[in-house]
Amino acid sequence: MIDGSMQDYALTLDKFLSHAAKWHPLAEVVSAAPDGTVDRVGYAELHDRSRSVSGALYRLGVRGGDRVATLAWNSQGHFEGWYGIIGMGAVCHTLNPRLTAKSLGAMLAQSEAAILLVSPDLLPLACAAIAEGGAVRHILLLDKGAAITAAETTVPVGSLEVEMALESPDIAWGEFDEHSPCGLCFTSGTTGAPKGVTYTHRGCYLHTMRQLSADVMGVRGTDTVLAVVPMFHANAWGLPFTVPAVGGRLVLPGRHSDGAHLAALIRSEGVTLGVGVPTVWLGLVEHLEKEGGDVPSLERILVGGASMPPALMERIEQRLGAEVQTSWGMTELSPLGTAAAPGDPRRAPGVSGRPAIGIDLLLTDSAGLPLADQRGPEGHLRVRGPSVVDRYFGEAETATDADGWFDTGDLARIDTDGNLRITGRAKDLIKSGGEWINPAEMETLVGALPQVSLAAVIGRADPKWGERPILLVETGDAEIEDEALLAPLRKGVASWWIPDAIIRVDRMPLAATGKIDKIQLRADYG
C-alpha cells in the first residue's frame with residue numbers, strides 16, 4: 001500500500017506579502033512621513049518594490065544567511081526593507097534607534113552586517129554607531145525622496161530608492177529551508193545585558209497563525225491596524241506578517257508616537273485596532289483630555305510589554321471608548337506568549353490571558369523543579385514552543401533545560417481558568433535582611449490608585465539590611481499624600497515590605513521599548 005501525501009509547502013514569511021499582493025492588491029499600507037504627509041501603497045506595488053530591494057541587495061553582495069541591519073522607524077521604506085531582506089533568505093537585524101551609538105556598534109560587531117538601511121534622520125546616529133565597531137560597508141537611506149546629506153563616516157552613503165531603480169537580478173523568494181533564520185533582535189536590557197534572539201521563518205510563520213486566532217489578536221481583513229509598537233523591536237509584535245496575511249490595512253506612524261499624532265492618524269485612517277505599550281495610550285488619553293475630541297473608529301487596543309495598572313485601564317477605556325486587551329510576551333517568544341480573548345468578561349488589568357496552541361507554560365520552584373500544583377501557587381515561569389528561543393545568537397550553549405523549557409525570568413501564577421498573571425521578575429526581587437520582597441506586588445497595589453499613572457519599587461542599598469525598598473511614582477497633576485500611597489500596602493503586604501521612602505518623579509524613565517527602565521532607576525536612586 002502506498003500512503004497518500006501532502007504538498008511540500010515551506011513555511012517562509014515571504015508568502016504573507018505574496019498572498020496579500022495576489023488577493024488584496026489594493027489594500028493599503030499607510031505611512032506617516034516626517035513632514036506630516038501620509039504615503040499610501042497597495043500590497044501589489046509593495047510586493048514589487050520589496051522584490052526590487054532583494055535585487056539591489058543581491059547586486060551589493062548580500063546572499064542567503066547574511067545579516068542586513070536596519071536602523072529605522074515604522075515606515076514604508078522599513079517595511080519594504082524587511083521583506084526584501086527576509087524574502088531572499090537574508091537575516092534582518094533590527095537596531096533600536098533609542099540606544100546609544102556604543103551599544104549599537106557592539107550589536108553591529110556581533111552580527112557582522114555589511115549593509116545598514118537607515119531612516120534619513122538617523123544617519124548621524126548610524127555613522128556614530130559604525131565608528132564604534134562592526135563591518136558595515138554600505139549605508140542606504142530608506143524612503144522615497146530621501147536626500148543624501150554630508151555624513152561623518154568613511155562608509156559610502158547611498159539611497160535604497162536609487163539602488164532599486166538600477167538593473168538588478170530578479171531574486172526568487174522563499175527558496176530556502178523554513179528553519180532558516182529570518183531576523184535578529186537584541187533584548188531590551190531593562191534588567192540585564194541585551195542578548196541576541198534569532199528568529200526563524202517557521203517560528204514566525206507559526207507565530208502568525210497563532211496570533212490570527214479569534215481568541216488572540218483576531219485581525220480581520222476589514223481592520224485598520226495602527227502599529228505603534230516599533231518595527232525595530234520583537235518583530236513589531238508580528239504585525240508586519242499578521243496584517244498582510246488577512247489583507248488588512250496597516251498604518252505605520254513613523255517616528256512620532258505622541259498623543260496628538262496618534263489621534264490624528266486614528267481619525268483620518270479610521271483605525272479599528274491599536275497595538276502598543278500602555279504608556280503610548282496614556283499619552284493619547286492625556287492629549288484628548290487636554291484638547292478634547294474623540295477617536296470613534298477605535299474598537300480595541302492590544303497592550304503588552306508592561307503591566308497595565310487598573311486605574312489606567314479604566315481611564316483608557318472610558319475616555320477612548322475602546323476595549324483594552326492585555327497580553328504578555330517577550331523578545332524570546334517572537335514575541336507573543338498569552339493574550340486575553342477579546343470581549344472576555346474575565347479579563348482584568350493584571351491578567352495576561354491564556355496561551356494559544358503552540359505555546360506551553362510551566363511553573364517551577366527556584367531550582368527548576370515543576371510545582372506539584374500548576375494552578376494557584378506562585379512559581380518561576382518557563383515556556384516552550386516552535387516560536388521560543390532555543391539558543392541566543394553567538395552562544396554555543398542552549399538557553400533551555402533538558403526538557404526544552406526556557407526560563408523566562410518571570411514569577412507568575414496561573415488561575416483555575418488557565419489565565420496567566422505575571423507577579424514579578426526574579427531579578428527584581430529585593431533581598432532585605434535575608435528575606436525576599438517582590439516589588440511587582442507593591443507596584444500593582446499602588447498602581448491601582450486613580451491618582452497614580454506609573455509606579456515602580458526598587459531596592460536601595462542599606463548598611464543594616466543589605467537592601468530596602470523605595471517607591472517611585474508618577475502622578476502627573478494629581479495630588480495624593482504619602483500616607484494615601486502607602487495605605488494599600490499597609491493592607492496588602494507584610495509590614496516589613498513597606499518602602500522606606502517615596503520619591504515623586506515628573507516622568508518615569510522608560511526603556512526604548514516603553515517599559516519602566518529599572519536599570520536607570522537603580523542608577524539614579526538605588
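Predicted model: local features only at pLDDT ≥ 70, side-chain atom pairs only at ≥ 80, totals over all residues.

By salt bridge I mean a side-chain nitrogen of Lys or Arg within 4 Å of a carboxyl oxygen of Asp or Glu. Glutamate 286 sits in helix 10 (residues 278-291) and arginine 507 in the loop between strand 25 (501-504) and helix 14 (518-525), so this pair ties together parts that are 221 residues apart in sequence.

Residues are numbered from 1 along each chain as its sequence is written, and side-chain values use heavy atoms, with hydrogens and water left out.

How exposed are the two partners? Glutamate 286 is partly exposed, with a relative accessible area of 26%, and arginine 507 counts as exposed at 57%. The cut-offs are under 20% relative accessible area for buried, over 50% for exposed, and partly exposed in between, with a 1.4 Å probe and protein chains only.

Now, which residues are linked in a network of salt bridges? That would be Glu28, Arg40, Arg249 and Glu269. Arginine 40 and glutamate 269 meet at 2.8 Å, N to O. That pair links distant parts of the chain, with arginine 40 in strand 2 (residues 38-42) and glutamate 269 in helix 9 (residues 259-269), 229 residues apart. Arginine 40 is partly exposed at 42% relative accessibility, whereas glutamate 269 is buried at 7%.

Glutamate 269 also has a salt bridge with arginine 249, again 2.8 Å from N to O. Arginine 249 is in strand 11 (residues 249-252), so here helix 9 is tied to a part 20 residues away in sequence. Both glutamate 269 and arginine 249 are buried. In total, the count comes to 26 salt bridges.

**On to the voids**

How many cavities of 30 Å³ or more does a search of the whole structure find? Two. A cavity is a set of points on a 1 Å grid, over the protein atoms alone, where a 1.4 Å probe fits but cannot get out, and lining residues have an atom within 4 Å of a point. Points are joined across faces, edges and corners, and the volume is the space filled by probe spheres set on them.

Strand 8 (181-186) is among the elements that supply at least two residues, and strand 8 gives the most, with four. By class, that lining is eight nonpolar, three polar and no charged residues.

For the classes, Ala, Val, Leu, Ile, Met, Phe, Trp, Tyr, Cys and Pro are nonpolar, Asp, Glu, Lys and Arg charged, and the others, Gly among them, polar.

The second largest cavity is about 50 Å³. Among its lining residues are Arg49, Glu80, Asp143 and Glu161. Helix 3 and helix 6 (160-165) are the elements giving two or more residues, and helix 6 gives the most, with three. This lining has four nonpolar, one polar and four charged residues.

Technical notes:
1 Å grid on protein atoms, 1.4 Å probe; cavity = no way out; pocket = protein on both sides within 12 Å on 5 of 7 lines; lining within 4 Å.
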